[in-house]
Amino acid sequence: MKSILNTLFFTFLFFTTQTTFGQVSGQVTDAGGDAIPGINIVHQSKGTGASTNESGKYILRDLNKGEHSFVVSGVGYETQVIKVNYKGRPVNYDIQLKENTTTLEAVVVEGKSEFTEKKELPYAVSVVDVKPLKMQNLDVNQVLGRISGVRIREDGGLGSNFNFTLNGFSGNQVKFFLDGIPMDNFGSSLTMNNIPVNLISGIEVYKGVVPVHLGSDALGGAINIVTNNGVKDYLNVSYSFGSFNTHRASVVSRITNESGFLVNANGFFNYSDNNYKVEVSVPDPVSGKYGDPEELERFHDAYRSQTIQLEAGFENKKFADQLLFGLIASGNHKEIQVGSNMNKPIGEAYTTDKAIIPTLKYKKQNFLTNGLTFTMNSAFNIRQSMRVDTASKIYDWYGNFTYRGVDVTSGEISWDKTKFRFNDRSVMVTGNFIYELGKHQTLSLNNTYSWYRRVGEDPISYNAVPFSEPNFLTKNVTGLSYSVNLFNEKLRTVVFGKWLMLDALMREDANSDSEFELATITNHESYGGYGIASTYFFLENIQIKFSYENTYRLPEVYEMFGDGLLLQSSSNIKAEKSQNFNVGILGRHRINRHEFLFEASYLYRLPENLIRNVATGVTSVYENLQSAKANIIEGGVKYRYSELLHFEVNGTYQNIVNNQEFTSTGGINYLYGDRLPNTPFLFANAQAGVLFDKVGLESGKLGIDWSTQFVEAFYLKWPSQGSAESKYDIPRQLSHNLSTSYSLEDGKYNVSLACTNIFDSKLYDNFMLQKPGRAFNVKLSYFLQ
Amino acid sequence: MKTTILKNGIIYMIVLFIIGLASCSEDEVGPSDETDTTDVDTTDQFVAKYVMSLRTQNADDESADYFLALDDIMSGEISAQGQGIELVGWNYNGFFGDRYFAFGYDLNECVGYDVIDGALVEQGKFVFERFDVMNAIDDDYFMAIGAPWGGGSYNCQLQVVDINDISISKNVQHPIYESYYYVDSLDMDIQLNAWPTGSYVDGDKLYVAFYPLEGASWITPNTDTAFVSVFSYPEIEYIKTIKDSRTSPIGYYGGSPSIIEDESGNHYTLSGSALSTGFSQATKPSGILRINAGEEEFDPEYFFNVEAEGYKVISGAYAGNGLVVARVITPQMDEAAADVNSWAAFSEVAPILNVAVLDLNNQTISVVNEIPLHGGQYQTPYLVENGKVYVSVNDSQEAFVYEVDAATATATKGAKLIGNQFQALFAVN
């Protein structure tokens, strides 16, 4: 509790000097001529800007000569784009805004916010504007889970292991970015399930083709989380508490000095006991026979994570549009409740993860020459992740234990008692050049370099410790893309090529001749990928999209290095490959206060050489084994009536089948054409909400939101094999959530009350791993701009 | 004003609804119940003569085994397509008393089935901690030994399973062998682990064969002695360990049959001395020793040096009249395969093994030429019926049932498996 308070009262005081050299200034008024405070005026390409003060006045500084576009937006008003031709002398530009007669999101659509623009790109991309969701108490995973094509399979409650699947691709096949920086090396202390929604302004989900500027080896798409930017000064403090002793607190703030010096300071804290009830049958300790099913609490599943992120630097200076030095410090502690299956509850083992990540971000437009934008992001990562498993005990679901009779040197899960930790060091540098060749053509070049060093250490092991000598993995991805807009921007096309390189140095046991000798193995591989994405607006509001790519995913550290014990290293493993085709249609239509939006896509994927784990003897190894074929259809519609009512439904059907005609040794593969097991194939989401104005107080707004998620049952093992009655499955999931929120003064004060899984259904994403039942939480937040 | 009242009314209702949910009773919307009372396609003529566990593909996370009741294994194709009871994940199997058991390692669960009206019907199940080697005791009980995993731990779980009740009735924790040390290359005394490979009960004694392991690793520093520990039965108290240095340890990891009983109750033990079965060295010839009925020592008069006949024998089944149908490997093939993978004899699709008929009395080997080189298996199922032995043969391209006639050392190709092996084959009595 003390650390919650510490985080809550983590405040920042900066004294800034006021200077008055305005370059573009003016006043924003409404139709009646009254000044409007709190309107944002944001530079369309830079994302920087200002907001109006109490008397509706704004000042924009540090503009280069030339034409600039600004997006003028504010809650309750229709967004406008203004163009200013700045010639070096101060300009006065007054703006009159119309009151918004449509909806919050209509503002976004009409104003072509950054997110709408992304949606209009040729890529198959889903864009989530998080702003409207902030009133509700959601985490990033919950927000992502509402997008068509996305399934997040969680083992349990807050902080639990999760598997993100995007159109059938999962795990490392989908890459995550935070403001364009790959999250691979951040570790488990900074992931989708602990970043607070308050920190972010939007999420871009690329299905298939990933833009070159997110340089990566993604096989099946990428997620880029965009944090708040464009707003100069703000403070957002939130705290929520709820069922299972769950607490979350976050402080997100930015202070910008008139001279362009800025500080971002964010802190967040999450805690939960996760002691929700699950249905289990406890076996008799002697005979092994199951007892009757009982509802028992999970007793060793607490999770705690905390992160502090500080950034300081300059904006809109001669030497840089943005130069930020940052430091992320994060850590988590997670108890393990279940071992390999539900018959083995765990009572003491836990994992921890700590990371310190200095970062550097640099951005400059007109770098060296006019029209060239240079961006560089880099991060150095010092990380330790530890697994502690030192109890030779067997727990039951009542929380009682007995000491092991055999395997007295084993832990609860591990072969040997362990305090094994990885000490990882990694460096990631990404550089991006964008060169605008006139108005309609853009060339971009990206290079992402990563270097990874892993050392293993176990102070209590008397056996050989995996990675006692360092293993190294170096990856480099270079991408070049050319985009062109033709026919009055109706046809937009991007072609790109990628070159991927991997260098590994690993050490493994020299085949049993001596227990103490390590052999050094090196591996070098390189691959070339390419693709095209195109979109055409055949009506002003309707566009079609097409993309194709031939892409690779390089093997990960653990797939290549193994775990040093039962998972053998696989030095000659190859990259996974996939060909992805997407076609889609996107449209929107408005009749007075009614607004409709629809999207539909067809995706065809041909992944090859998929990396799978295979057992022989007592060990297992990752091999390039499987090929698949995916036919995916997804679509969604949205409807809004003014600000009052909104409704959205989307669904995904993905038929992903085994496309391996022959086995690895040349025999006929009897599972050819069979749908991949343990993979959801049909799922849907629906949401509806209302927002009332002037409730209680004049500035009071009340929102009520309902959401429903549906996932059809799917088989654990290959569907064609075995009789239907005997087959194990992950049962159909239908869950409903309800939340209500009340805000005052344009969201300055906000309180929300939510109930998830309101019918207390037994929900499973993974075989036998029951998720939380009905839960309640309350979120309080304060936003100051 | 009217609208404000209306709005506030809605707010109160919603808030009350949410609070009300907190106190309302449990609502059962559960997953579909998984009942395992499945029957295989039954036609009027169908009489279940065999129970087979079919494995469709290599053992990985997605594979499962399927229990099928069959009336014919010598013609056509055997497939689990749309039929058979799914045994979740990786399984061993056993046929004890008149009951079929599946030992599943995804859930650490043993499920017992009976054949009723031509179909397999689940009769009960229980949870185990470790089951590595399962062998018959009598019609009411079988033995399941759990081995210590990892170094520094030596107790085995010697468990007696009640066949009728489908539960563990006795669990004795004791090392199979207490006092084996060796000195490693750093001059450290290391107590070796003992891995059980097979057991039998003769009168009031339980015999357990094992092989020594480094423990933390799977290195085998001692391969020049065959070991069998003797316990009292049913008390299961350790008595002694008998040794014979004419050959290597008996059996290997994974519980393939390495102890054979003849018509007069004598037991023969198979020592493989094979590198491809996970041994890190081979220092004695592969061979067969004998423990006579009622005796507690190896018969010093009997030793069949199999390797002198050009083969190593890794597992086998007694076909009657002193004949054993066995899987064998040439020393050259063994060495070459182990260079690639030290557990090569567990790969269904690495064709390195032959089937041969061993004559225990005349000490001769006849390789069965009709059976191609084929891959090995975990637990290695052999079904013996009327002097014929049925084996699963995968030449890396296709898998078939083969019927071996022990008397003539010839074989007939039977049904094609729509899968890569059978992991169990039992006759229905």
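How many helices and how many strands are there in chain A? In this predicted model, chain A contains five helices and 49 strands. Among the 785 residues of chain A, 46% count as buried, and of the contacts in this chain with a separation of 6 or more, 62% are accounted for by residues 24 or more positions apart. Chain A is divided into domain 1, which spans residues 2–100, and domain 2, which spans residues 117–784; the C-alpha centres of these two domains of chain A lie 34 Å apart.

In chain B, strand S25 (residues 354–359) pairs with strand S26 (residues 364–367) in the antiparallel sense, over four bridges. Within this pairing, B:Ala356 has B:Val367 of S26(B) as its bridge partner. The two strands S25(B) and S26(B) form a hairpin with four residues between them, and in the turn B:Gln363 has a positive phi of about 55°.

The largest nonpolar core comprises 146 residues, and those with the most contacts inside it are B:Met52, B:Val324, B:Val325 and B:Val389. Strand S16 of chain B (residues 205–213) contributes the largest share of this core, namely seven residues. When neighbours within four places in sequence are left aside, B:Val325 is in contact with B:Gly316, B:Ala317, B:Ala319, B:Val355, B:Val357, B:Tyr382, B:Val389, B:Val404 and B:Ala406. A second, separate core consists of 51 residues and includes A:Leu199, A:Val209, A:Ile223 and A:Ile357.

Key. Residues are numbered from 1 along each chain as its sequence is written. Chains are lettered from A and ligands numbered from 1 in the order in which they are written. This is a predicted model: local features need pLDDT of at least 70, side-chain atom pairs count only at pLDDT 80 or more; totals for chains, interfaces and linings use all residues. A residue is buried if 20 or more other C-beta atoms lie within 10 Å of its own, exposed if 12 or fewer, and partly exposed in between; C-beta atoms are placed from the backbone. Two residues are in contact if their C-beta atoms, placed from the backbone, lie within 7 Å. Two strands pair if DSSP finds at least two bridges between them. Domain bounds come from an automatic or database domain assignment. A nonpolar core is a set of buried Ala, Val, Leu, Ile, Met, Phe, Trp, Tyr and Cys residues joined through C-beta atoms within 7 Å.
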